[in-house]
Amino acid sequence: MKSKKIGKLDVISIALGSIIGTGAFLLPGDFFLKKIGLLNTIVGILIGTSLIFIIENNYNFLIKKFPKSGGEYIFVKNTLGKNHAFICGWLLTLSYFTIIPLNATAVPVVINSIFPNILKFNLLYNIQGNIYLGEILASFISLLLFAYLNIKGIHFAAIIQKIMVFFLVGIIFFFSAAVIYINSVSSPVLMENFAVPFSINNILKIVSITPFLFIGFDCIPQIMEELNFHPKKVSVLAIFSVLIGGLLYIILTIITAYGVSMNTLNTENINWATGYTISLFFGRTGLIILGLSFLIAIIAGINGFYMSSSRLLLAMAEDQELPSIFALKKNNQPKNALIILCIFSCIITLFGRNTVLWALDVSSVGAALAYLYTSISALILKRNKQSILLPILGSIIGLLALSLLIIPIFSTSLNLASYLTILIWIILGIILKHLKSKGFAYL
């Protein structure tokens, strides 16, 4: 048997690196404080974290039953059949995949924040904002580099991921302690943020995007066959990753709340609120250190979602649900799947950062559907044999999250671009599945 490649710390770094990406650094200013309010955000994240723990319990049960790479796709195939498995796997692939270009387009945001406008050269065109050659090149380099590292092998990519994520977490905790020490807990700006009225509707908005916020812990089942320890230990690692991930979201939001209020964010043009706060207290040196942490979070997210999405495509192709082109390996890695993901990610980045922010909603839909399917699968296997409370609760959580996103009457529902993206992806999946069934092994 081929030796397995990655250990417990590697798994934590892959999961946590996927959870803490672009969103953790940009959402505190762009969404949490600007539109939701500090207290509402904290309550929403705490509720979301608790709900994810319920979902994770169902994942843990199924991982023990099916310790094979492919995660949710494998779970659903063995309980509900191949058609439901394809639906789950294909939309979850979209969830993972959309976060790759989202992270890549954040690379120039960080570089331009540290070195003002250094990448804003050679204006190419305008799509909801100016698109510069320098920014496109920075995004392309990050996409190509980590596609190459994954093709070289998961062990090497996991080592890089581990170094990046533990540095990232250390810097965030350092800045949180330093900001609180300098300002104390009675900072006027912080108190102004806490004074934003309590709102059930705003809390629900946070809960509705919980699948996006924590998408990453479910990357672990995608690499089950490459672990060097028993699957029974996966649950503890996943819970730890979710707990630290939720804590880091709250910490970064509180750090940001020390420097900017909701009123400031809505009246002034602040591109990166967390960076603004750190530069306010620690000057340019602090901004550079935080910017480096942000950059690490971005590329850790790119790396983590390359791993998970490529292995999900590989599992579906090996099961004859997708064309065999996705199943070709090099160094035991899904080479063609990685190359195809890289090409499509590069194409999407050409449309600029403003046009890929729909990834938050699109990603949440696929993740919520995966949580629903996973909980239903656990319910089927546990029925009449074991306690079914957690599978039932998980199914309700998944259905609620999905409903809040796709039913237009809710204020948390998708925008038109997100609906169209999901529709196009579904049509593409139907075409690929049909071609495969008709014998077109390669496109």
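Author: Start with a charge above a ring: Lys 382 sits over the face of Phe 61, 4.9 Å from the ring centre. Keep in mind that this is a predicted model. A second case involves Lys 433, which lies over the face of Phe 86 at 5.0 Å from the ring centre.

Together with Trp 90, Phe 86 is touched by Gly 429, once residues up to four places away in sequence are left out. Gly 429 belongs to helix H19. Its relative accessibility is 0%, and because buried means under 20%, Gly 429 counts as buried. Gly 429 and Ile 99 stand 330 residues apart in sequence, and their C-alpha atoms are 19 Å apart in space.

The whole structure holds 14 aromatic pairs. One of them joins Tyr 59 and Phe 217 edge-to-face, with 5.3 Å between the centres and 75 degrees between the planes. Tyr 59 is part of helix H3 (residues 38-65), while Phe 217 is in the loop between helix H11 (210-214) and helix H12 (234-257), so this pair ties together parts that are 158 residues apart in sequence. Tyr 59 and Phe 217 are both buried.

Trp 90 comes from helix H5 and Trp 425 from helix H19 (residues 416-437), so here the pair ties together parts 335 residues apart in sequence. Both of these tryptophans are buried.

Ring pairs can also link up. Tyr 59, Phe 75, Phe 217 and Tyr 371 are joined by them into a cluster.

Phe 217 leads on to the nonpolar core. The largest core has 142 residues, and Phe 217 is one of those that touch the most other members, along with Ile 20, Phe 25, Phe 32, Leu 213, Tyr 306 and Leu 322. Helix H14 (residues 273-318) supplies the largest share of this core, 19 residues. In soluble globular proteins, nonpolar side chains tend to be buried together. What does Ile 20 touch, not counting residues up to four places away in sequence? The contacts of Ile 20 are Phe 25, Leu 168, Gly 245, Leu 248, Tyr 249 and Ala 297.

In helix H6 (residues 107-114), the buried residues include Val 107, Pro 108, Val 110, Asn 112 and Ile 114. The cover over the buried part of H6 includes H14, together with helix H5 (82-104) and helix H7 (133-152).

Beyond H6 there is a detail of the backbone. The loop between H6 and strand S1 (123-126) contains Asn 122. Asn 122 has a phi near 60 degrees, a positive value although it is not a glycine. Most residues other than glycine have a negative phi. Asn 122 is partly exposed because its relative accessible area is 49%, which falls between the cut-offs of 20% and 50%. Gln 320 is another residue with a positive phi, about 65 degrees, and it is not a glycine either. Its place is the loop between H14 and helix H15 (335-349). With a relative accessible area of 47%, Gln 320 is partly exposed.

Cys 342 takes part in no disulfide, and the nearest cysteine sulfur, that of Cys 346, is 4.3 Å away. At 6% relative accessibility, Cys 342 is buried as well. The count of disulfides is zero.

Ser 208 is in helix H10 (residues 200-208), and its 2% relative accessibility is why it counts as buried. Its side chain comes to 2.8 Å from the backbone oxygen of Lys 205. Leaving out residues up to four places away in sequence, Ser 208 touches Ser 364, Leu 404, Leu 405 and Thr 412.

Note on methods. Residues numbered from 1 in each chain as written. Predicted model: local features only at pLDDT ≥ 70, side-chain atom pairs only at ≥ 80, totals over all residues. Heavy atoms only, no water. Helix = DSSP H or I, 4+ residues; strand = E, 2+ residues; numbered from the N terminus. Buried < 20%, exposed > 50% of the residue type's maximum accessible area, 1.4 Å probe, protein only. Polar contact = N/O pair within 3.5 Å; in protein donor to acceptor, adjacent residues only side chain to side chain. Contact = heavy atoms within 4.5 Å. Core = buried A, V, L, I, M, F, W, Y, C linked by side-chain atoms within 4.5 Å. Disulfide = S-S within 2.5 Å. Phe/Tyr/Trp six-rings, centres within 6.5 Å; stacked < 30°, edge-to-face > 60°. Lys NZ or Arg CZ within 6 Å of the ring centre and 35° of its normal.
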